[in-house]
Structure formats: C-alpha cells, structure tokens
Amino acid sequence: MTMSDFIEKFLETRGPCLSSEVAGYLVESLNISPVAARKRVSRLSGNIRRLGYVTFPRKARFLYLERQFGSPRYWENLVEALMQTNSAYGHAIAALRQRGGAVPDKLFPIVCGAPVAQKKHLSPESIFSRLSEAGLLQRVALPGLGDCISIVQTDEHYDFLALTARTQLITESFLLTAVSDWLKKLGIVSYGQVATREAETLPRVGTFAWDLSAPSYLGPMVRVGKNGKSRPGFVVCDVHLGDLITADGVRPFINKCRTLRSLRNIGPCLQIFVGARFQGEAFQLLKANGIVPATPANLFGEEVAEGLLELSKVLHNAAHTSTIDPAEFDALFKKFGKIEGAAAQLRGTLFEYLAADVLRKNGTHVMTNRIYKAEEKKAEADIVAVRENISVTFIECKGHSPYGETPDKEVKRWLQHNVPTFFKAIKAHPDWQNLQVNFEFWTTAPLTSASLAMLEKAKSEINPARYSIKWRLGSNIYDLCKTTKDSGLTAAFRKHFMNSTARSAALAGESHSAVSKFH
C-alpha cells in the first residue's frame, strides 16, 4: 500500500481534516518522527486535495478526498477546523450553513460576523473574495432574492433554497417590525430612530452591521462625555427564523458583540438575538456572553409567535401552489393588528400574491420576483405576465393603504430606472424580442397630481411600437378581480385595498347587478 493509499483510507474514515492531524496520525501509527510525517504529507498526490487560499496556523492545510468536496461532512469538518482558530472564514461559513447555505448579498455583512471596516480585521468583501478563490463560496442570482452569496451547491439545491429563503426573509421582516414596535412602546430606544435592514443602508453601530439598531437614552445606557454632553447607548439585534440555531450558528453574532464591546467611544449596548428555536448549547453560549437570547413567543406572546409561523406557512403554500387563501390573510391581519406598521407590510405582501393570482386565473403565465440586468443596472420585477407569442407585461405592484397616497418617488423610480432596465433585458431575451411589450404600474392608493403628470408625460413621449405604459388604480384592479369569479379573492381586495366609500359603492353595484339578473 502506498503512502497516498494509506492516508486516503484514513481520510475516508476520519473525513476531511487538517494536514497536522494527518501527520499526527502517521507519527502514532507508523512510529516515525514528526518531521518525517510532515514531509510525507507534503508529498501526497492521487485523489487527495488541498484547500487553497485559506490559511491555518503553522502552515497547516485542509485535506480532503476529491469525492468528499461539498458534502455535509466536508463543511462540518471545515467549519470545525476554522472555528478552532477563531477564524473569520469559519464564522462566515457557519453563518451561511445556519441559513440554509445562502443569503442575499446585502445581508452578508450582517450575518458573517466581520466588521465592515476595521484595522487588523478582514472585511466581509475580503472574506468572500478569499473563500470564492478557494472554490467555497460564490455569487449566484436566485429568483425573488437577487444576487446572493452562497456556499457552493448543486443547481437543484438553489431551486429549493430560493423559495424557502424568500419566505423566511419576508417573515423575518415582520419580526423586525414587531421588535421595533416593542422597543419603542417600552421606551427602550428613541422612538423615531430605529433602523432595520429593510432600509437601503444597513444599520451600523461601531464597525458592524446589524439587522436592527437604535440609540437608547435609558439611565444605565447613557454616558457623559468629556464635553459634559450625554451620549446614548445602543440596542442591536439580529434575527433568524430558520432551522434550529446551533452553537456554531450563533458564534458569528457573539464575535460581533464581543468585538463591539472592545471598541472605544461606543456606549453600552444591549445585544439581542431573536430566533425561532435554540439548541441548548447555543442558548447558553449567548447568555454566557451577556447577550439576550429571545424567541418571538417570550418577547411578544403566543399570538404573535403563532402569527409568524402561520405567515411562513401561508407564504410557503402560495409560493408552491401559486394561489392564495384570502381567509388566511384575514386571520393574519387580526394577529398582527396591534403591531405598528405590520398591517401596511402585510398589505404589500398580500397585494403581490393577489395580483399574480388574478392574472393566473385569467389564463396568463406568470413569474414573480425576478431580477433583470441590463448593462450596469438591475431591477426586480414583481410580476412578469406572458401571453405566448403575443405579449410580455412587466407589472409593478404597490399595495398601499387606500386612505393614503402612492409616494411620487415610487412612480419616478419605476419610470426612470425599472422600465428602461426591463426594456433592455426584454430586447436581449431570445423568446421576447418580437413580442408586444407592456409596462404596468398597479397601486391601491391614489396617485398624486405630480405622479399622474409624470405618467402622462412618459406615455405621450413613448413610441407605441416600442412599448406601452399603463397604470391601474383600486377600482380598475377590483374589476380585474371580479373577472376571476373568485368571490374570496374579490372580497379580500375589497376589504383590504378599498376605502369605505369605494367598498360601499362596489357592494351597492353588485347588489344592483344581482337584483337586475333576478328580475
């Protein structure tokens, strides 16, 4: 048996591991010196591979068999080896594994546990670059999520992951709304200064990014500076509503918290990690490091916790069956009704699913939440409706309260950024180049005079042979709902997206129509 065969057999049994461990095994089993063992390991060939670009103490290398690459055991052993040295690479991989293998590009600086910019520390982008060179991480575009940073996986894994991850992220955004509302109502933070990851810029405290942050002026949190002025402390929070949270899964957050405390000029911080379920060791690790481990149930009570669970199921079913159950959304409105901002959030989520369902029930092929790129720009299409060999229609959905107004900035961005980006993407698409192209803006809140002027101007300046622009408001969308002959869907739209005057008029019109038919 050759030395390579001997070590291959060891790796088959032990699994991927550091070269120092292999050398130790040779010393023990062959009774040779450590120097001789290291030389034999350095000369290995055959099916044994060395992980490149990622360094370990004392020039050790991570060894594995070619067929082991990417297996669950491979990742477990690699994370273990990296964690033993408190490596930033290990934290990043552990965070991704905790989240199913991938996160949107934007959220990687939050979950990986590394400072965005700090001397003598690797940044999230540096970590990704090195792990990408090593063939461990990659950027992929996933439907409904956009560009993501992911552990290298099979294509089939990505297809499943995209649906699951989008559902989880939407549910987590509701959780962040609930945490924000809880902090404000208790007076723990400054009311108007809570920032969450939903904003264009990630919340920052110190050199780190968080899912949520806010300044706090509670007595124990305030410090007086040299100039005599009070400086606030902070509340920081990360959330995760996926699988059981493991000890490795919380270590990136713990690393953030401990490093933050070591920074000068940062006031006291209340650090919270909210998860659906914690492994016992993970829960104790958080507590031992002065961090609050919380669940939705112990923060907000069973009703909200059940609501988050139900929301996840409803969104999961909608994503897989392409239909919605309006009654389920009604129940969710009741559960989340006491949380400030949750109703508006739920309304926006419901409207996208409802609009897609309307189109499907009218015989149109529908795709949702797709990212399209053209040159240096990219935009997400809420709905793409295709009529085979006839037309392709890109629809922007804005499910606002019917008692408010659609913000002008939403119309402006759609006209100036989304429409041109989509049009270039359509012209580069082999199946759509010769189809009629339409762009539609659907909103359930009235448009301002400024928005209407923008839309009318754009419509008048466009060559109809290139594409058309149309906008649909509440009453127009309600008429489309009625064409489906789905009473539940129509009632859901009337209840949640029409003001009381419009609802009364709609019901009166339907009653009159029913009486006319009877006579």
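A salt bridge here is a side-chain nitrogen of Lys or Arg within 4 Å of a carboxyl oxygen of Asp or Glu. The model on screen is predicted, and by this rule the count comes to 25 salt bridges.

**Stop 1: R67 and E12**

Select R67 and E12. They form a salt bridge, with the closest N and O atoms 2.3 Å apart. R67 sits in the loop between strand 3 and helix 4 (72–83), while E12 belongs to helix 1 (residues 3–14); the two are 55 residues apart. R67 is exposed, at a relative accessible area of 55%. E12 counts as partly exposed, at 39%.

**Stop 2: K361 and D486**

Next, select K361 and D486, another salt bridge, with 2.6 Å between the closest N and O atoms. K361 is in helix 14 (residues 342–361) and D486 is in the loop between helix 17 (474–483) and helix 18 (487–497), so this pair ties together parts that are 125 residues apart in sequence. Both ends are partly exposed: K361 has a relative accessible area of 35%, and D486 has 22%.

**Stop 3: E440 and R472**

Move to E440 and R472, whose side chains meet in a salt bridge at 2.8 Å, N to O. E440 lies in strand 19 (residues 436–443) and R472 in strand 20 (residues 468–472), 32 residues apart. Are these two residues buried or exposed? E440 is buried because its relative accessible area, 9%, falls under the 20% cut-off. R472, at 18%, is buried by the same cut-off.

**Stop 4: a network**

Select E172, R197, E198 and D211 together. These four residues are linked in a network of salt bridges.

**Stop 5: helix 13**

Show residues 326–336, which make up helix 13. Its buried residues are P326, F329, L332, F333, K335 and F336.

**Stop 6**

Most residues other than glycine have a negative phi. Two places to look at with that in mind follow.

Select R58, in the loop between strand 2 (48–50) and strand 3 (62–65). Phi of R58 is positive, near 60°. R58 is exposed, with a relative accessible area of 82%.

Finish at N389, in the loop between strand 17 (377–387) and strand 18 (391–398). N389 is not a glycine, yet its phi is positive, at about 65°. N389 is exposed, with a relative accessible area of 69%.

Conventions
Residues are numbered from 1 along each chain as its sequence is written. This is a predicted model: local features need pLDDT of at least 70, side-chain atom pairs count only at pLDDT 80 or more; totals for chains, interfaces and linings use all residues. Side-chain values use heavy atoms; hydrogens and water are left out. Buried means under 20% relative accessible area, exposed over 50%, partly exposed in between (1.4 Å probe, protein chains only). Helices (H or I, at least four residues) and strands (E, at least two) are DSSP runs, numbered from the N terminus.
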